[in-house]
Structure formats: C-alpha cells, structure tokens
There are 2 protein chains.
Amino acid sequence: MQITSRFTIAVHIITALDYFRDMDRVNSEFLAGSVGVNPVIVRTVIGKLREAGIVRTQKGSSGAELARPLDGITFYDIYKAVDSVNEDEGLFHFHEQPNPECPVGRNIHKAMDRRLASVQDAMEAEMKRITLADVVEDIRAEILGEEEQIRPARRKRGKS
Amino acid sequence: MQITSRFTIAVHIITALDYFRDMDRVNSEFLAGSVGVNPVIVRTVIGKLREAGIVRTQKGSSGAELARPLDGITFYDIYKAVDSVNEDEGLFHFHEQPNPECPVGRNIHKAMDRRLASVQDAMEAEMKRITLADVVEDIRAEILGEEEQIRPARRKRGKS
DNA sequence: CTGCACTGTAACATGATATATTACAGCTAT
DNA sequence: ATAGCTGTAATATATCATGTTACAGTGCAG
C-alpha cells in the first residue's frame with residue numbers, strides 16, 4: 001500500500017499557491033490544470049488544508065492564501081491534514097482476528113505495538129523536519145535551471 | 001492508506017514458528033487458526049518469506065523452519081519480502097499527471113523526490129533496527145506475565 | 001506401494017477505498 | 001443582475017486487499 005496521492009497533490013497545490021501568488025484567477029480549475037486532477041479534488045484537498053488552518057479561503061471568490069509562512073508548514077502538517085493514513089490505526093494495518101485462545105495470538109498485538117509505533121514515529125519525525133519552504137526552494141532552483149538552458153544568465157553581473 | 005496486514009501477519013507467523021518450534025503439525029491450518037485468517041493467506045505469506053530466504057519449507061510436508069536466527073531477521077526484511085508497499089513507486093503515491101506545460105507541474109516531481117526519499121529512508125532505517133528477536137522477547141515477557149497472574153512465580157527461589 | 005496430509009498456486013468472489021465526475025446551492029464581486 | 005467561483009453531496013469506476021474454493025503434485029507413514 002501507499003500513502004494517498006492527496007499528500008503530493010496538497011504539496012503541489014501549496015507550492016503553486018505560492019508560485020502564482022501575484023496572479024489573478026488562481027482558482028480550483030487552474031490549479032487542477034497544473035496538478036492534472038479534477039477541480040473537485042483540488043477543492044476537497046484545499047478544504048482539508050483549510051480545516052487544518054494551513055490556508056484561508058473565501059467562499060465564492062477564488063484564490064486561497066497561505067495562513068502561515070512556508071517554513072511553518074511541514075510535511076507532517078499536510079500529511080495529517082489530508083488524512084494520508086488512517087487516523088485510528090496508524091501506518092500499519094494490524095490483522096484483525098488474532099486468536100485469543102492462542103498464547104501467541106493473544107499477545108502479538110501488545111508485543112508489536114511498541115515497535116510499530118517506533119517506526120511510525122521515525123517517519124513522522126522526518127516529516128516534521130521538512131517544510132514547504134524546502135520544496136519551494138528546490139522547485140525555484142529547478143525552474144531557474146530550465147531558464148539557463150535557454151538564456152544563460154550573465155552571472156558576472158550579479159543581479160539577473 | 002496503510003501498510004498491508006500481510007506485514008503483521010508475517011511477523012505473527014514467524015513468531016509462532018519459533019514459539020511452537022518443538023510441536024508437530026504446525027501447518028498452514030494451525031497457523032491460520034492463530035493468526036485468524038484463511039490458510040491460503042498463510043501459505044502465500046510463507047511463500048513470500050521463502051522467496052526472500054527467511055524461511056525454508058518442504059512441499060507436501062508441514063512445518064516451515066527459520067532460515068536464519070531471529071536476530072538476523074529485521075522488520076525491513078519482512079516488509080520487503082511481503083511487498084508491504086509498491087516496489088516501484090515507494091511509500092508515497094505521486095499524482096500521475098502533473099502538467100508539463102506548467103513550470104510547477106513540470107518540476108514538482110523532481111523537487112519533491114529527494115524529500116520523499118528521506119522520509120522513506122528514515123522509516124526503513126528504523127525498520128532495519130528492529131528484529132524478530134525483539135518481538136519474540138516481548139511476547140515471551142507478555143506470556144510470562146499472564147502466567148504470573150494465575151500461578152505467581154516464587155521469585156526468591158531463582159529458577160522457575 | 002497405497003493412502004493420507006500437506007503445500008503451492010490458480011481462479012474467482014467480495015469488500016473497501018482512492019479517485020473521477022456531475023450537479024447544484026449559495027456566496028462574491030463587478 | 002449576472003457571471004464566476006466555492007463547498008459539498010451523490011454517484012461511478014477502478015484498483016487492490018483479503019477471502020474462499022479447488023486441485024495437482026509432493027512427502028511420508030504404515
């Protein structure tokens with residue numbers, strides 16, 4: 001199994017909201033065009049980001065705005081916001097009917113839970129370290145790299 | 001999304017193979033009884049563990065045996081063996097149609113891949129640290145704890 | 001060497017869920 | 001007022017995890 005694409009879609013959307021922040025009509029249809037999904041998916045994902053306090057929107061008018069600076073939005077925040085994984089059970093799906101009449105079956109859950117939690121914690125800790133500022137920085141570098149291939153910057157002049 | 005229960009089932013099976021290692025007729029039906037799933041599931045999971053070199057089995061005769069000591073079998077080994085997640089794409093499902101005509105859509109994948117990989121690496125590193133010996137140790141402690149509730153051990157005597 | 005127990009695997013069934021799609025009520029701005 | 005937009009419900013579809021039945025082939029006990 002995999003973590004839902006809603007996660008990468010959410011990161012894409014926030015990145016685009018930042019990148020196109022001075023542009024008009026950055027609506028769900030425009031964003032859907034960039035992401036390559038249905039506009040309704042964009043609206044639902046933005047809805048979850050709004051519930052989590054990551055973006056602000058106004059019903060009826062287009063253009064969500066970020067509620068926090070990019071470096072205050074972590075992968076973990078987004079991952080939780082868009083329900084990337086089952087909230088109750090966590091990352092691992094434990095088989096549901098271990099036999100209570102078997103000593104192994106009766107105790108396997110307790111015996112494993114600590115270990116599964118430590119794996120999940122390791123993953124979440126890393127997600128808390130990565131912010132949208134990191135991604136935006138990376139994507140700007142990529143885009144600059146593209147431009148250089150066409151019109152090499154005159155680096156000696158300093159400012160572009 | 002979640003990691004398939006095949007993972008916890010595999011850990012359960014290996015734990016049971018160790019716990020019942022001196023018992024006869026530990027076949028797929030017996031194991032299925034402990035795990036609480038269909039015997040065919042047990043056979044397929046054991047099949048994957050065999051392909052990964054974690055257990056040895058003999059067609060036609062019951063009782064798989066571990067191919068390595070318990071402390072040589074990590075969560076990561078099992079996780080890979082039973083295809084807990086998509087081998088090609090990894091832990092995260094990236095949305096599949098980012099728009100190549102959009103600077104963000106065209107570069108988001110490259111910009112995120114490093115970060116997604118670091119999350120996956122953190123998780124896998126933790127999985128490599130946990131071995132089946134840890135789980136077996138924990139479950140033995142749980143089972144001993146159960147027994148004490150019924151027939152308290154005379155701790156002063158030393159040996160039980 | 002015969003019969004039983006078991007494995008390995010295919011084939012099919014079922015249920016859950018991620019994603020797509022259509023539709024529309026209500027809000028906003030010009 | 002009109003057009004553009006959001007939020008959300010309802011429904012469809014596809015994928016996949018898991019369950020289940022079935023059976024050929026292997027090993028072993030007697």
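User: A polar contact is a pair of N or O atoms within 3.5 Å. How far from a phosphate oxygen of DNA strand D does a polar side-chain atom of R50(A) lie?
Analyst: This is a predicted model, where local features need pLDDT of at least 70 and side-chain atom pairs pLDDT 80 or more, while totals for chains, interfaces and linings use all residues. Residues are numbered from 1 along each chain as written, chains are lettered from A and ligands numbered from 1 in written order, and side-chain values use heavy atoms, without hydrogens or water. For R50(A), the distance is 3.4 Å.

User: How many residues surround DNA strand D?
Analyst: Let's look around the strand, counting residues with a heavy atom within 4 Å of it. Among the closest are R43(A), T57(A) and T4(B). The number of residues surrounding DNA strand D is 24.

User: At what angle do helix 1 and helix 6 of chain B pack?
Analyst: In chain B, helix 1 covers residues 6–19 and helix 6 covers residues 132–150 (DSSP runs of H or I, at least four residues). Their axes, lines fitted to C-alpha atoms over the stretch in contact, are 10 Å apart. The two helices count as roughly perpendicular, because that class runs from 65 to 115 degrees. They pack at an angle of about 65°.

How values were computed: Polar contact = N/O pair within 3.5 Å; in protein donor to acceptor, adjacent residues only side chain to side chain. Axes fitted to C-alpha atoms, helices over the stretch in contact; angles between N-to-C directions. Parallel < 35°, antiparallel > 145°, perpendicular 65-115°, else oblique.
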